[in-house]
Amino acid sequence: MVDFLGQRGQQRDVHLLALVGLCMVLGVATEAAGLSLEMGAFFAGLMVAGAKDIERVMKAVDPLAQVFSGMFFASIGLVISPSYVVAKAPVILSAIAVLFVVKTVFLFAVTRWLGFETRHAVITAVALAQVSEYSLIFTGKAHAIGLMSRATYLRWMTATIGALV
């Protein structure tokens, strides 16, 4: 589909518009299906990643990626209050430490169980123990549907942001 859109939009701006349209259509479709808008954007990214002319796609999307990256981090900064971080620093640091330790131990055990050498298992576990932006999405959704209190939401958002930095 992405290759078809690329053939139709020989000009860079038209190609970019087609890619953004694809992302929006998939976002709306997944939200209508009961999934999240973010999931649709993720699926669109998977489709774009499979394009034959990926370098052209990356050049077209790069300016938008830079803008949205800036907006993403600005919106994260709006969620967390510096006074909250200072007041809850021990709890936040403990949550980050527990997160890394639990993930590292679990990932180490899984990679050893899969037959990897100890050295490779340690490297893999430490490399994969970080958190991702998806944690922010899941935490936000859990809070929005009432699975998480405001206090827990703020704690996990702050710990996730701290772990990202």
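**Notes on helix α8 and the cores**

1. Let's start with α8: the cover over its buried residues includes α4 (54-79) and α9. Keep in mind as you look that this is a predicted model.

2. Which residues of α8 are buried? They are L136, T139 and A142. If you look down the axis of α8, its buried residues sit within an arc of 135°, so they line one face of the helix. Now turn to the face pointing away from that buried side: there you'll find the exposed residues F138 and A144.

3. With 12 residues at 1.5 Å a residue, α8 should span 16 Å, and the 17 Å between its end C-alpha atoms agrees with that. Just past the end of α8, have a look at G146, which has a positive phi of about 85°.

4. On to the largest nonpolar core, which has 17 residues. The members touching the most others are I96, L136, Y153, M157, I161 and A163. Two or more residues each come from α6 (89-113), α8 (133-144) and α9 (150-164). Of these, α9 gives the largest share, with 6 residues. As a bit of background, nonpolar side chains tend to be buried together in soluble globular proteins.

5. What does I161 contact, leaving aside its neighbours within four places in sequence? The answer is I76, I80 and L136.

How values were computed
Residues numbered from 1 in each chain as written. Predicted model: local features only at pLDDT ≥ 70, side-chain atom pairs only at ≥ 80, totals over all residues. Heavy atoms only, no water. Core = buried A, V, L, I, M, F, W, Y, C linked by side-chain atoms within 4.5 Å. Buried < 20%, exposed > 50% of the residue type's maximum accessible area, 1.4 Å probe, protein only. Helix = DSSP H or I, 4+ residues; strand = E, 2+ residues; numbered from the N terminus. Contact = heavy atoms within 4.5 Å. Expected span 1.5 Å × (residues − 1). Arc of directions from axis to C-beta.
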